[in-house]
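Open the model in your viewer and keep the selection panel at hand. The tour below goes from one backbone feature to the next.

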Amino acid sequence: MARKTILEDCDVLVVGGGMAGTGAAFEARHWGRDLKIICVEKANIDRSGAVAQGLYAINCYMGMQWDENQPEDHVRYARNDLMGMVREDLGYDMARHVDSTVHMFDEWGLPMMKNEKTGRYLREGKWQIMIHGESYKPIVAEAAKKSADKIYNRIMITHLLMDETKENRVGGAVGFNMRTGDYYVFRAKTVIVAAGGASHIFKPRAVGEGMGRTWYAPWSNGSAYALPIAVGAKMTQMENRIVLCRFKDGYGPVGAYFLHLKTYTQNANGENYEKKWYDHTKEMVGEYIDHHPTPTCLRNHAFIQETMAGGGPIHMVTTEAFQDPHLETVGWENFLGMTVGQAVVWASQNIDPKYTNPELTTSEPYVMGSHATCSGAWVSGPEDLSPPEYFWGYNRMLTVEGLFGAGDTVGGSAHKFSSGSFTEGRLAAKAAVKYIEDEKAKDIKVSDKQCEDFKKIIFKPLENYTVGRNEITGGTVSPSYISPIQGLQRLQRIMDEYVGGIATNYMTNANMLKRGLELLEWLQEDLENVGAEDYHQLMRAWELKHRALTSQCVTEHTMFREETRWPGYYYRGDHIKLDDDNWHCLTVSRRDPKTGKFTLEKVPVYHIVDEKEKKQAS
Ligand SMILES: Cc1cc2nc3c(=O)[nH]c(=O)nc-3n(C[C@H](O)[C@H](O)[C@H](O)COP(=O)(O)OP(=O)(O)OC[C@H]3O[C@@H](n4cnc5c(N)ncnc54)[C@H](O)[C@@H]3O)c2cc1C
């Protein structure tokens, strides 16, 4: 069958129309009035990404106009939560701009909760402000739709195109439409990858009939990492996966409960178990356990240890707060605005939090760069803040020229959340426009051959299926191909059992990681033979391939960092302590696109905030 090819030439190509992508499309238009801006989204931009269902709080707002917080405070906060390992230049840069983003959301009609007396946004916590956020995503999508020349929905980007005149320069991206099967070629002067994080690379707690019930969006498949990794961009902190403490089975958020309702946790005997694990944790991480607030991973650590020691189940004490009718309403609204499923789970399990304390759990690990962890691409920081090792010309540009990133894509800068991701999209787009204006994208050549070669690769799973199905004599097992779900389950078991998932209580070591890498390599070989019976399965096949590449990178990084930096996220059994003497540094990897081999290096972590004061004092 002759397959239709649709060709688009543009200046700025945004891959992924989530929070960062919509921010990028909006800002690209502001600086690039005459540029051609295209945004390509795998789902439908109105309801896509991690925020699709809505949010109840904007988790990153400084409140600088009221001197509630300054960017320095946020850097200190993120640094503390990540046990020291953040890119402070990136964090500061996001924080100094994030308030302006939130003020635009307010102007665009996002219902914000305000203190009637002061007019200030109502705080849920030091950084969070409360919203009625069911309409959050459609509102930011509208801004992107009004800004971009065109939004393409239902197109999955599978590969980046590279310039053939200058090495290591991007030339666009290719993908396919999941409804029509058409092949899309976007030749572009700059590409901003904003494709979200990665769920379902570790085996989830909910499998079989419950599959898809995860904390992180099940459709986030690691394209944000796989696309740059495949073309040799450097990555950072990919070992820094996140494990969440959430309400059991529904993964409902706990932030509003802790912060606004002042609920607390206890073990099955009604004890404060966190205190019990203080000495044990101090032995592992030293003075980090005395920091305030307690780093998220260390709170997880106490939860995991207590459960392993037989103190579970762990409960959230809601029965006290819910006696107050206002707090009871807030408690329920918190779910209805963003995780309706939790309310349904409680109804099905006969839990009324006014009378029964609901159970908590720790999730399977996810990989992301915008929430409380900072996995992602190694990018240039802003000119005025970044030390030489962190700066190569354009803010948020990866180590591939013309390739930018934002949101979950960008590593080293945690705690950006929805508002910070949108802000980072804006920063990346501004720099991408400057890159074009500086004539850095001149004479890019992407040949027809490069595009035709990708076309064959992208649609191969359909061919694998069409040919291979003739050999099936019964059931669905073919001698010649594996289905995307079979491949996914195999990937998840490898990651779960060897790389520190729930099967081992997040424990791994060099021997397990070595074996995991071997198994991942063989999986990669077999993925050449993945079969797709329709365009939806073709998407699943490419999601799986992106997940597998992301997983290899996560495993390589986990192997490289020979310490347990974040107990509660994962443990290196052979290096069970935090080791500041040798590992107070960032990890950076690069996969050679020709050989597929990874190389890793240590890069200094610069504590920019407070450094001046320290120097002055000494
Ligand atoms: C469960 C949960 C709760 C959260 N709660 C809050 C909260 O209360 N407050 C808050 O401020 N933040 C919250 N966050 C964080 C916030 O949602 C993220 O920080 C933010 O969405 C990250 O933006 P992003 O653009 O990087 O990713 P996303 O918003 O997830 O967008 C990624 C986009 O890329 C698309 N895409 C993926 N792959 C491809 C591909 N190959 N081709 C084309 N398109 C692709 C996806 O469909 C998606 O639209 C929460 C996140 C989660 C997961």
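**Backbone stops**

Select Y251: at 5% relative accessibility, Y251 counts as buried (buried means under 20% relative accessible area, exposed over 50%, partly exposed in between, with a 1.4 Å probe and protein chains only). This is a predicted model, in which local features need pLDDT of at least 70, side-chain atom pairs count only at pLDDT 80 or more, and totals for chains, interfaces and linings use all residues. Residues are numbered from 1 along each chain as its sequence is written, and side-chain values use heavy atoms, with hydrogens and water left out.

Stay on Y251 and read its backbone: phi is near 55°, a positive value in a residue other than glycine. Y251 sits in the loop between β10 and α6 (255-259). Helices here are DSSP runs of H or I with at least four residues, strands are runs of E with at least two, and both are numbered from the N terminus.

Next, select Q237, in the loop between β9 (235-236) and β10 (245-247). Phi of Q237 is also positive, near 55°, and the residue is not glycine. Is Q237 buried or exposed? Q237 is buried, with a relative accessible area of 0%.

Now go to P293, in the loop that runs between α8 (278-285) and α9 (296-308). The peptide bond joining H292 and P293 is cis, with omega at about -5°.

For the last stop, select G312 and P313. What kind of peptide bond joins G312 and P313? The bond is cis, and omega is about -5°. P313 belongs to the loop between α9 and β12 (315-317).
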